[in-house]
Amino acid sequence: MSQTSDQMEMREEDIAKHVAMAQSLIEGFDHAPRIGKAVDDATPERSSGIGTRRRFRSTTPGLVTQRRTVTGAVQLIARVEAADGDDALMSPLQATVLHDLRRAIAIALAVAENFADHAGLADLKRSNLEGALPPARKTEFSELLAAEALVTLYVFGNATAYLLSSHLTEVTVEVGDFDEMLTDNGQVALHGALWELDSDIAAHASDDARLVATVCAFAESLMEKVALRATTAPRLEAFAAAAWHVDADDFTVRGFSPASKAKSTTLTMSFKKPNEVVGNHIAKYQSMKLAKMLMAYDFDRRLNPFADLGGFIFTFMGDGAPGTGKTTLIQMMAGLISEYCRNAGYPFRYQNLSTDNIDSYQGKSGQNAKAFINNIIDPSVIGFGTIDDIDQLAGKRGDRQSSAGQLEITAVLMESFAGANTVVRGNCTFGMFSNYPENVDDALRQRAGARFLVDGPQTREDYVDILYLLMGKNHDIPLGDHQAFEAQAIKKAVAASFAGHAKPHEAGLLEVYNAVQSKIGALDTINKLGTYLKAIQEADPRFTGRAIKNITDAVKVRAMDFELPDEWMEQPDLFLFKDYDTKKAMIEDMRQPITVEMVVQEINRYADSEFRYADKSDEVAIENMVRDFGRNEEAKKRYLGGERG
């Protein structure tokens with residue numbers, strides 16, 4: 001991939017000159033903790049009289065010949081060697097961990113030095129050493145030193161997590177919050193971080209797998225704490241606005257955003273072809289379009305022309321009765337994206353958030369959900385994330401049946417799908433699926449930008465097609481007077497499905513629609529359409545401004561109501577490998593004008609789904625209350641009719 005215009009190449013010689021300092025830091029230094037609590041731990045000796053740690057060599061002139069044991073000495077090499085006490089030799093993985101830590105420190109120091117040059121800190125440091133720092137600039141100097149410390153810490157954590165990511169296993173470790181965050185300057189900040197890492201390794205790294213998990217968990221905790229502090233810290237503009245690329249590691253620093261390796265996931269699901277999805281015409285059509293939309297993503301610009309022009313579906317919800325084909329739809333869409341990515345040589349990542357991610361440990365469910373989100377939104381891959389049976393995973397706020405873990409997942413999904421920091425690049429999409437969408441929290445459900453009604457086979461032809469498909473080939477039963485899959489001709493079926501939304505389907509919404517039309521006539525102006533929307537809101541207060549945004553987004557999708565040609569997917573040079581501006585121009589040429597009919601249909605489609613969810617939700621609540629009252633009455637009868645002592 002070529003560099004973007006805002007990206008600087010971090011030269012290898014700039015990193016190499018910091019390796020000696022990085023080596024000395026992992027060999028040993030003295031640190032007295034200021035914030036963190038020291039762990040009473042002594043590295044066990046391998047045999048009597050022979051310690052596992054190297055002798056600490058003081059850097060104070062005149063004391064270099066004195067042997068001493070320093071309280072608070074940090075010696076990562078010895079600590080890592082002792083992680084597996086049964087072996088007198090360092091394992092290959094231990095050596096890899098130390099090598100990657102040294103590399104991460106050197107990269108952090110190089111980026112911090114570059115930041116200091118761009119922010120003017122280097123000049124202030126020279127003036128301070130010469131005793132010529134003006135008093136008026138002391139506050140600026142102090143703030144820049146703190147900014148340098150935050151940059152150093154974040155890049156160190158980011159590089160460590162990135163370099164070790166390929167060595168992670170299923171073993172996980174909880175290291176807790178990062179405490180020893182010192183912001184005097186970059187080197188002092190590293191002393192505090194490495195002291196805490198040393199403590200974490202001592203407490204958790206009993207073998208190689210746990211060693212890697214501990215170091216990576218520490219790096220994640222460090223990045224999270226530093227990024228939080230950076231939101232209020234001054235003088236960080238020069239870091240946040242730039243990017244540095246380390247070619248040897250294919251590692252890119254982009255402000256306070258974590259980097260990750262562009263690895264594909266190996267999918268073991270059985271893929272379905274579009275003609276194997278019977279019925280569900282609109283859902284199938286939108287899924288096929290979305291799969292191709294994702295492929296328009298530009299890895300150099302880190303943006304998708306569809307997201308830029310409007311009309312990209314970042315989140316969608318598929319709902320329908322059990323057995324109508326939600327899982328089949330997921331298999332079809334994942335199969336299409338996987339095939340397109342394999343043909344183009346793009347990394348593809350698929351993941352499903354399942355009930356396994358709900359944890360009884362406080363905060364862990366939220367961490368699992370955040371890891372799922374971060375894995376899919378990684379801008380270096382094409383991502384597809386699904387949340388099947390979301391009503392079981394994400395708790396409804398105010399519902400006493402929702403566990404703490406479910407509510408944590410709800411909070412993470414809401415913040416990630418439409419939070420203040422949500423950035424839609426167009427490289428990934430999230431699908432939420434449920435048999436009971438009325439049980440999904442209202443605010444979370446409204447964060448689904450598009451609605452896919454998964455209603456399964458509907459017509460007689462649909463049922464003949466699905467029977468013919470599932471019977472397979474191992475029989476001699478004639479097909480009869482029927483053209484197989486003719487009813488599944490997607491464009492014809494979709495046109496009919498969209499036209500069917502010229503009027504609402506739900507009784508409650510149809511009543512509103514008729515009342516508005518009888519007063520103001522045909523809905524053919526923005527003013528009349530707005531009047532209709534207000535009438536819907538009066539009938540259902542949950543129909544808010546976010547609903548209007550979702551409707552307008554759906555209309556923009558309809559304006560992009562074309563399917564990218566199959567040849568563009570099969571021959572990447574025709575479209576996928578072209579530069580961003582060329583791809584954007586090619587898409588703009590295919591865009592269709594927005595019509596009143598489109599807007600009315602999308603208002604009805606969206607509002608129908610909200611009325612359907614609300615009616616079901618209220619009905620379910622009423623049925624539950626009736627059932628509870630009945631139980632109370634029966635219990636009272638038995639109690640009064642029984643013997644009481």
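Here are some questions and answers on why parts of this predicted model get the labels they do.

Residues are numbered from 1 along each chain as its sequence is written, and side-chain values use heavy atoms, with hydrogens and water left out. Since the model is predicted, local features need pLDDT of at least 70 and side-chain atom pairs count only at pLDDT 80 or more, while totals for chains, interfaces and linings use all residues.

Q: Why is Ala73 called buried?
A: Buried means under 20% relative accessible area, exposed over 50%, and partly exposed in between (1.4 Å probe, protein chains only). Ala73 comes out at 13%, so buried is the label.

Q: What makes residues 73-74 strand E3?
A: Strands (E, at least two residues) and helices (H or I, at least four) are DSSP runs, numbered from the N terminus. Ala73 lies in strand E3, residues 73-74. Ala73 and Gly28 are 45 residues apart in sequence, with their C-alpha atoms 6.8 Å apart in space.

Q: How do you know that strand E9 is mostly covered?
A: Seven of the seven residues in E9 (residues 428-434) are buried. Cys428, Phe430, Met432 and Ser434 are buried on one side, and Thr429, Gly431 and Phe433 on the other.

Q: What makes E6 and E9 a pair?
A: Two strands pair if DSSP finds at least two bridges between them. Strand E6 (residues 315-319) runs parallel to E9 and is joined to E9 by five bridges. In this pairing Thr315 stands opposite Phe430 of E9.

Q: How do you know that E8 pairs with E9?
A: Six bridges link strand E8 (residues 382-388) and E9, in the parallel sense. Here Gly385 stands opposite Phe430 in E9.

Q: Why does the contact between Asp14 and Arg11 count as a salt bridge?
A: A salt bridge is a side-chain nitrogen of Lys or Arg within 4 Å of a carboxyl oxygen of Asp or Glu. For Asp14 and Arg11 the closest N and O atoms are 3.1 Å apart, so the pair qualifies. By this rule the count comes to 29 salt bridges.

Q: Are Asp14 and Arg11 buried or partly exposed, and what makes them so?
A: Asp14 is buried because its relative accessible area is 16%. Arg11 has 46%, so Arg11 counts as partly exposed.

Q: What makes Arg137 and Glu140 a salt bridge?
A: Their closest N and O atoms are 3.0 Å apart. Arg137 is partly exposed at 36%, whereas Glu140 is buried at 18%.

Q: How do you know that Lys364 and Glu174 link distant parts of the chain?
A: Their side chains meet in a salt bridge, N to O at 3.2 Å. The two are 190 residues apart, with Lys364 in helix H13 (residues 364-377) and Glu174 in the loop between helix H6 (138-164) and helix H7 (186-204).

Q: What makes Asp442, Arg445, Asp540 and Arg542 one network?
A: Salt bridges that share partners join these four residues.

Q: Why can Glu220 belong to a negative surface patch?
A: Patch residues have over 30% relative accessible area and no salt bridge, with like charges joined within 9 Å and nonpolar side chains (Val, Leu, Ile, Met, Phe, Trp, Tyr) within 5 Å. Glu220, found in helix H8 (residues 208-230), is partly exposed at 44%, so the area condition is met. The patch is formed by Asp177, Asp179, Glu220 and Glu224, and Asp and Glu count as negative.

Notes: Areas by Shrake-Rupley, 256 points an atom, 1.4 Å probe, with all protein chains shown as cover. Charge placed at Lys NZ, Arg CZ, Asp CG, Glu CD.
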